[in-house]
Amino acid sequence: MITPADRRELVAQLPPLPARDEQAITAFLDAIWAESGLAQHTLDGYRRDLQGFARWREGRDGGLAGADRAALFDYLAWRTRHGWSQRSNARLLSALRAFFALQLRNGTRADDPVALLEPPKLPRSLPKALSESQIEALLAAPDIAAPLGLRDRAMLELMYAAGLRVSELVGLPATAINLRQGVLRVMGKGSKERLVPLGEESQHWLERYLNEARPQLAAKRALEPLFLDARGKAPTRQDFWRLVKRYGSVAGIDLAKISPHGLRHSFATHLLNHGADLRALQMLLGHSSLSTTQIYTLVAREHLKSLHAKHHPRG
């Protein structure tokens with residue numbers, strides 16, 4: 001069986017990235033960021049995927065920009081033989097599709113080698129949501145007597161109350177929150193802004209954090225960012241991932257079932273279970289397409305089916 005370590009070693013053995021391909025990738029990323037305002041982790045993923053393909057090609061036949069459909073098929077076959085997943089190959093095709101679409105628009109290429117390539121069929125996995133009792137236990141896990149514990153409680157409460165993405169949470173400026181009006185201004189994917197209402201609980205913990213903990217963490221810092229670590233800097237996505245796992249363990253939750261994004265899934269699922277409108281949920285989550293939001297109806301349906309099976313006499 002091929003392990004992730006085997007694949008990393010295989011990639012490390014590929015030739016260096018040709019200078020011409022490196023320039024083409026950098027120009028593409030600059031252009032697509034200017035056009036679409038993609039998140040940094042998406043741009044980083046595109047860079048890794050394109051660099052991997054370019055290194056594999058070793059500059060042959062025009063390098064990355066000169067690749068044809070046969071070269072793409074060969075590379076996908078090579079990746080499949082060495083254990084890359086269908087999901088990983090789908091991400092690669094997404095990067096290549098965006099890259100060659102730009103070449104077409106710029107007139108540097110007359111054909112699109114990705115045009116007739118079908119993306120791998122991926123199993124539709126349902127978002128993993130925690131139960132409401134598990135959420136309560138998770139929110140109660142931080143030690144609110146300590147400044148960082150109070151900060152963690154406020155972060156968890158806000159993440160669950162507003163259905164934020166992790167990048168949105170850790171990147172919030174202090175000016176994004178208006179406790180008097182009870183709303184949060186969020187800059188989401190593609191630099192799309194949305195207003196999210198805050199409940200009483202999240203407002204309570206945010207107010208306590210701002211009054212009691214943040215002044216101790218901020219020292220003489222200016223307003224930004226909203227949440228600070230012990231050094232007075234914004235916590236990273238990885239920092240938040242670690243604290244969610246830590247408090248999940250304290251709350252007695254199976255760590256395989258908990259993640260930062262799971263709080264966003266829980267927010268959406270619990271709203272639907274309590275009768276929220278799908279269009280309103282789309283706006284709260286910042287989804288550009290309703291079809292993305294509709295997957296949560298499947299989660300709610302599974303919840304209803306399990307309740308029926310458990311409690312109905314003929315379930």
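Reader: What covers the buried residues of α4?

Author: This is a predicted model, so read everything here as coming from a prediction. In α4, the buried residues are A71, L72, Y75, L76, W78 and R79. What lies over them includes three other helices: α1 (4-12), α3 (40-57) and α5 (86-106).

Reader: Okay, and how wide an arc do those buried residues of α4 cover around the axis?

Author: We're talking about A71, L72, Y75, L76, W78 and R79, which are buried in α4. They sit on the same side of α4, because the arc they cover around the axis is only 160°.

Reader: How far does α4 reach from its first C-alpha to its last?

Author: α4 takes in residues 69-81, so count 13 residues, at 1.5 Å a residue. The expected reach is 18 Å, and the helix comes close to that. From end to end, then, α4 reaches 18 Å.

Reader: Which residue just after α4 takes a positive phi?

Author: Look just past the end of α4. The phi there is about 90°, and the residue is G83.

Reader: Let's go to α2. How far apart are its end C-alpha atoms?

Author: Helix α2 covers residues 19-36, which is 18 residues. At 1.5 Å a residue they should span 26 Å. The model agrees with that, as the end C-alpha atoms are 26 Å apart.

Reader: Which helices do the buried residues of α2 pack against?

Author: The buried residues of α2 are D21, I25, F28, L29 and I32. Their arc around the axis is only 100°, which puts them on the same side of α2. What they pack against is α3 and α5.

Reader: What residue follows α2, and what is its phi near?

Author: The residue that follows α2 is G37. Its phi is positive, near 60°.

Reader: There's a loop between α3 and α4. Is D61 there buried or exposed?

Author: D61 is in the loop between α3 and α4, and its phi is near 50°, a positive value in a residue other than glycine. Its relative accessibility is 65%, and the cut-off for exposed is over 50%. So D61 counts as exposed.

Reader: What about E58, how does it count at 48% relative accessibility?

Author: E58 is found in the loop between α3 and α4 too, with a positive phi near 60° although it isn't a glycine. At 48%, E58 falls between the 20% and 50% cut-offs. That's why E58 counts as partly exposed.

Reader: At what angle do the axes of α7 and α9 cross?

Author: Helix α7 is residues 147-162 and helix α9 is residues 200-218. Their axes come within 8 Å, and α7 passes α9 in a left-handed crossing. The angle is roughly 145°.

Reader: How many nonpolar residues does the contact of α7 with α9 have?

Author: On the α7 side the contact includes L148, L150, A154 and L158, and on the α9 side W205, L206 and Y209 are among the residues. By class, there are 2 polar and 6 charged residues in the contact. The nonpolar ones number 11.

Reader: Is D152 buried or exposed?

Author: D152 has its place in helix α7. Leaving aside neighbours within four places in sequence, it's in contact with P142, L243, R246 and Y247. Its relative accessible area is 2%, so D152 is buried.

Reader: How far apart in space are Q203 and R180, C-alpha to C-alpha?

Author: Q203 is found in helix α9, and 23 residues of sequence lie between its position and that of R180 as the separation along the chain. In space, C-alpha to C-alpha, that comes to 9.3 Å.

Reader: Last one: what share of the chain's residues is buried?

Author: The chain has 13 helices and 3 strands. It counts 315 residues, and the buried ones make up 42%.

Technical notes
Residues numbered from 1 in each chain as written. Predicted model: local features only at pLDDT ≥ 70, side-chain atom pairs only at ≥ 80, totals over all residues. Heavy atoms only, no water. Helix = DSSP H or I, 4+ residues; strand = E, 2+ residues; numbered from the N terminus. Buried < 20%, exposed > 50% of the residue type's maximum accessible area, 1.4 Å probe, protein only. Arc of directions from axis to C-beta. Contact = heavy atoms within 4.5 Å. Axes fitted to C-alpha atoms, helices over the stretch in contact; angles between N-to-C directions. Left-handed = near helix turned anticlockwise from the far one by under 90°. Nonpolar A, V, L, I, M, F, W, Y, C, P; charged D, E, K, R; others polar.
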